Amino acid sequence: MSDVIGVWVGAILTLVVFSYLLGDTPLFRLAQAIFVGVAIGYAITAAVYLILIPKLFDPLILDPVAHSYLIVPLVLGVLLLFKVRTAWSPLGNLSVAFLFGVGSALALGGALDGTLLPQLAATLVPLDSLENVLLIVGTLGALLSFRFVQPTTTRLGARAVEALGRGWGTLGRWFVWMALGALFANIAVSRITILVNRVYFLLHDWLQVVR
Amino acid sequence: MIQCTHCGTKNRDGSKYCSDCGARLVPQAGLVCPMCSTPNPVENVFCSKCGARLVPLTAATITDKPAAPAPIKGISLPSKPAEPPAPPPPSAKTEDWLEQLRTQIPDQPTDEPSPAEPPTHEETEGIPDWLARLRAAEPPLDELSPGEKARQAAAAIQIGDEDVPDWLRPAPAETESPRVADTARMPDWVLEVPAAQAAPSSAAPTPSAQEPDTAEPQVPAWFKPIEPSPDLPPPVPATEDEIPDWLKALKPSDEALRAPAPPLPSETLVEGIPAEKPAWLTTTPYTDISEDEFLPDWLRTPIPPQPTPTTPEGVAPEFRGELPDWIAALKPAEAAIPHIVETGPVETTGPLAGLRSVLPLAAVIAEPHRLSPAPDKPPAEHARLFEAIVAAPVAAHPPRARASTRGNTLFRALVYILLTLAIVIPFFVPDLANTSIRTFGTPTADLYDTVATLPFDSLVVLAFDYDPGSSGEMEVQANVLVRHLMQRRTRIVAISTLETGPQIAQRVLDTAARATGNYVYGTDYVNLGYLAGHEAGLRQLALAGFAPTTIDYVQRRPLTQYPNLSAVQSWRNVALVIQLAGTPEVLQKWMEQVQPRAGVKIVAAVSAAAEPRARAYREAKQLQAFMSGLMGAAQYEILSNQPGLAVISVGAQSTASVVLIALIIMGNLFWLSSRNRGKTK
Amino acid sequence: MRWLLTTIVIAVGFITLLDYFFESPLLDAVGFAFREWTIILTAFALFVGVINLLQVHLTRVLRRHETGAGYSVLLLLTAGIVTATGLWFGLPSEPMTWLFDNIYMPLQSTFFALVAFFLATAAYRALRARTLETAWMLIIALIVFLGQTPLLGILNEAREWVLNVPTTAGVRGILIGVALGTLATALRLLLGWDRPYSN
């Protein structure tokens with residue numbers, strides 16, 4: 001029974017959101033408000049039950065001595081809460097600074113170790129096939145297309161190198177446009193898939209006209 | 001430190017020239033200007049910067065007798081007796097009238113009051129008792145007319161005998177005293193002053209004639225002239241060149257000065273006062289002063305205006321003589337203002353009268369702007385035209401063509417209906433695209449092979465990293481993958497880096513377990529819930545693995561209580577990590593934080609939007625295999641020989657894609673044709 | 001106070017970075033602690049975002065005449081009910097599962113699905129090949145689109161080749177460029193040249 005009610009609720013909400021195709025209706029705004037409210041409630045519950053209780057409160061309550069070091073994140077967390085008021089906001093700067101320190105270090109390490117080096121290594125392929133040539137030309141060209149400096153040198157050799165770089169960058173821009181076209185197509189396909197799934201839900205789970 | 005008068009730079013003591021601008025430094029022992037605080041040399045009478053008078057025109061500055069040490073009363077002046085001022089050097093150029101004035105000014109009495117006559121007022125306040133009584137006796141001012149107020153104030157004055165100085169007391173005519181002789185010497189206009197002053201104080205007791213005429217007159221301390229500060233050097237009398245012309249103009253005539261001084265009741269004040277009213281006192285600008293018994297003769301007779309040679313024409317005479325001396329003393333000397341230009345408008349009014357280019361004002365500010373009328377039309381015609389414009393009815397804007405709005409709405413409705421039909425109809429036409437789904441050589445095939453070659457009972461980590469919004473596309477992939485894994489009897493440990501992931505994971509796992517029939521939670525699969533912290537959590541997972549205290553999502557028990565699955569604590573025991581990435585960013589996080597360090601094979605099932613990035617990682621060998629989108633799920637279903645929702649949905653997706661392509665092509669064709677039509681026109 | 005914040009960022013950042021590239025018991029322990037604390041702080045950061053959002057809507061409710069105040073009331077009411085349900089019953093629980101499956105998921109999925117309709121109208125009106133580059137982009141998009149569908153087999157292969165070679169090259173260039181930008185930004189933060197954390 002609850003499944004039937006649930007399906008009906010889901011179906012009605014789906015149609016309410018689809019009413020946006022007719023314009024910004026009050027029904028759509030209602031659905032928007034309900035969604036944000038549910039998302040907020042779920043996020044708070046998840047933060048409490050999935051993070052704070054297992055990682056902070058339970059260890060502190062069960063064995064405070066062994067987990068006394070958890071006082072530090074507790075204090076930092078409480079200080080972070082002061083960010084909600086502008087007048088008290090400076091109190092939370094300590095926690096924000098800590099988060100920035102850890103986050104930027106992880107981002108730096110990850111960008112270097114996880115993207116930059118492997119991708120550069122993957123670009124260094126033998127020039128034994130058209131695909132490899134295109135890969136190298138395209139990758140370096142795409143990098144060179146992100147040029148925002150004007151030529152400054154007047155020496156002939158340096159000018160030739162700069163001209164080569166500019167030309168290669170122009171070619172690389174065409175590779176970037178290809179990547180953008182593919183990205184657009186894939187995003188459109190992804191959204192169409194989600195729409196297909198919603199229509200199937202209405203036809204199959206709600207109206208049950210499709211097997 | 002010596003401060004430079006030109007640039008203000010502080011220089012060391014003893015310096016003669018400024019270290020910054022090179023100007024000659026004025027020693028700090030000089031005079032400090034009271035107006036601009038600029039130090040000046042001792043010999044200056046006027047300030048070198050602003051022209052203000054440095055040497056005040058006081059009686060002590062012009063006396064040639066060494067004055068006795070006099071007490072200095074008042075609020076701001078020191079209380080110790082002042083040094084007797086040095087007698088001014090005799091100067092042949094000093095005016096006689098000033099010289100005479102100097103000689104006549106008597107020595108000031110000493111500070112200590114005589115015991116017989118206690119001080120009549122508080123020294124700190126400087127107000128005589130009679131004045132204090134006057135104030136106390138004042139009636140409410142708001143009820144009386146000004147004349148009545150003055151009369152009442154005069155009647156209320158109770159001047160005690162001891163308050164009246166000798167020179168203000170009326171001299172008794174019958175006594176042969178030096179006062180009589182003095183009175184005989186005094187001119188009428190001086191004698192009338194005490195009589196006039198005695199009239200309002202008629203209620204006061206007549207001062208006794210037996211009042212001893214002491215050598216020390218009873219001049220209250222507050223009446224005594226203020227002695228210059230002992231810190232200051234003795235004032236230097238002004239020379240002829242230093243006296244400004246406007247001051248010279250006030251000089252009394254020689255005859256008036258040479259006349260013998262009339263005697264006064266007090267000897268000390270008699271000498272030096274001319275018998276005849278001096279000419280400089282007779283000239284007054286007030287010609288319309290009415291006869292009044294209080295006014296002496298010298299104030300009644302108006303002084304005829306005398307044009308001064310330096311006063312330019314048109315200068316209002318009313319400002320001559322109106323300013324008190326202490327303000328007049330501050331008027332800058334012309335010689336001290338080097339920037340005065342000889343040309344320019346002359347200031348005609350105000351205290352700066354006579355100076356040129358003082359306040360150049362633009363005339364356009366003061367004068368009103370006058371609109372010049374059109375030469376051909378009179379002003380009335382303009383008014384009639386304006387009235388006609390205002391009275392004319394406002395032309396209503398033509399209504400907006402509703403056809404274009406209707407056309408837009410129609411077009412949008414058409415597109416929406418077309419797209420909906422393109423999705424709905426294939427559901428009613430089964431097997432529309434089933435056989436034409438290509439699987440050979442696709443990335444999905446590599447993924448299928450990777451999973452298919454997993455050893456029996458392998459430990460697999462399944463990361464559900466998609467949100468409910470992407471579940472329409474990702475859930476078909478998750479379902480088919482989990483089903484395949486369960487068919488391979490792999491142990492599944494589910495985790496998620498999104499807070500909604502554990503709920504989604506549980507639903508997929510439970511559905512697949514029910515479909516498989518023999519999969520048990522806690523034995524064959526476990527959901528380890530939410531891995532918070534984004535990059536930090538993933539890095540922690542990569543370096544430390546799953547902590548033994550990790551709590552599962554369903555039964556809330558630590559990992560150690562699931563013995564069949566607790567081996568996941570070490571990455572060495574994990575055969576494969578399958579990430580279900582709903583966005584390219586979450587895929588990148590795994591590639592950056594986990595893949596370099598965990599040393600475990602990673603494959604992914606990604607959303608179509610993340611496919612280009614997944615291909616790049618696959619090319620770099622960071623990702624072993626991947627499948628993408630609904631087509632990937634459909635290919636996997638076909639490869640697994642279990643066609644399901646993905647295969648059914650591919651047809652709808654394909655027709656919707658075709659509609660989209662057609663719209664793009666049509667839009668560009670119409671646009672090109674309309675552009676060409678525009679060019680040909 | 002600014003110097004203290006900058007010192008913390010630099011110290012914490014460099015310890016975490018060293019732990020990233022080197023192995024040492026002390027570094028491992030400190031780095032582990034830092035990451036654990038960051039995980040816990042994520043929950044508090046989530047609270048800050050939620051409280052801020054609730055503040056905005058509460059303000060709108062208190063100013064009754066503001067447009068959208070009614071919807072804000074509904075939002076706050078829904079948030080309160082779901083929060084109370086979740087905190088009372090816990091996670092996972094049947095009420096929360098029901099809420100998630102029948103309200104959260106359908107709503108969010110449908111919001112995403114709406115985009116497909118707007119893509120369709122935009123495909124006709126906005127995707128115009130005004131320049132050679134946009135025409136090139138549209139051609140590639142059409143190949144990827146059509147290759148997705150099982151209509152023409154040759155288009156599938158063309159799609160595969162386009163995605164494997166030139167698109168990968170372009171995406172790789174973008175990835176490397178973004179990684180270099182991330183490096184520069186992170187270095188600026190770790191060296192204290194940028195201080196977005198102090199106001």
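What follows is a quick chat about contacts, helices and a sheet.

Q: What kind of model is this?
A: This is a predicted model.

Q: How confident is the prediction for chain B, by pLDDT?
A: Chain B averages a pLDDT of 73. Of its residues, 54% score at least 70.

Q: Where in chain B is the pLDDT below 50?
A: One such stretch is residues 107-124 of chain B. That stretch has 29 contacts in the model beyond near neighbours in sequence. Another is residues 285-291 of chain B, where pLDDT stays under 50. There the model has 13 contacts beyond four places in sequence.

Q: Switching topic. How many residues of chain A are in contact with chain B?
A: 37 residues of chain A, in contact with 36 residues of chain B.

Q: Which helices of chain A each supply at least two residues to that side?
A: α2 (26-62), α4 (93-123) and α6 (156-206) of chain A. The largest share comes from α6(A), with 18 residues.

Q: How do the residues on that side of chain A divide into nonpolar, polar and charged?
A: The side of chain A that touches chain B has 26 nonpolar, 9 polar and 2 charged residues.

Q: And chain C? At what angle does α4(A) pack with α1 of chain C?
A: At about 30°, with the axes 8 Å apart. Helix α1(C) covers residues 2-21. Angles under 35 degrees count as roughly parallel, so α4(A) and α1(C) are roughly parallel to each other. The crossing is right-handed.

Q: Which residues meet there?
A: From α4(A), they include Leu94(A), Phe98(A) and Leu108(A). From α1(C), they include Leu5(C), Val12(C) and Phe21(C). The contact divides into 15 nonpolar, 6 polar and no charged residues.

Q: What about α3(A) and α4(A), at what angle do they pack?
A: About 115°, with axes 7 Å apart. Leu76(A), Leu79(A) and Leu80(A) of α3(A) make the contact with Leu94(A), Ser95(A) and Phe98(A) of α4(A).

Q: Now the sheet in chain B. What is the strand order?
A: The order is β7-β6-β5-β8-β9-β10 in chain B, an open sheet of 6 strands with parallel pairing. β7 and β10 of chain B stand at the edges, each with a single partner strand, so one side of each is left without a neighbour in the sheet. The twist averages 15° from one strand to the next.

Q: How many bridges join β5 to β6 in chain B?
A: 5 bridges. Leu459(B) stands opposite Arg491(B) in β6(B).

Q: Which helix packs on the sheet?
A: Helix α17 of chain B, residues 471-487. Its direction makes about 160° with that of β8(B).

Methods
Residues are numbered from 1 along each chain as its sequence is written. Chains are lettered from A and ligands numbered from 1 in the order in which they are written. This is a predicted model: local features need pLDDT of at least 70, side-chain atom pairs count only at pLDDT 80 or more; totals for chains, interfaces and linings use all residues. Two residues are in contact if their C-beta atoms, placed from the backbone, lie within 7 Å. Helices (H or I, at least four residues) and strands (E, at least two) are DSSP runs, numbered from the N terminus. Ala, Val, Leu, Ile, Met, Phe, Trp, Tyr, Cys and Pro count as nonpolar, Asp, Glu, Lys and Arg as charged, and the others, Gly among them, as polar. Axes are lines fitted to C-alpha atoms, for helices over the stretch in contact, and angles run from 0 to 180 degrees between N-to-C directions. pLDDT is the predictor's confidence in each residue, from 0 to 100. Angles under 35 degrees count as roughly parallel, over 145 as roughly antiparallel, 65 to 115 as roughly perpendicular and the rest as oblique. A crossing is left-handed if the near helix is turned anticlockwise from the far one by less than a right angle, and right-handed if clockwise. Two strands pair if DSSP finds at least two bridges between them.
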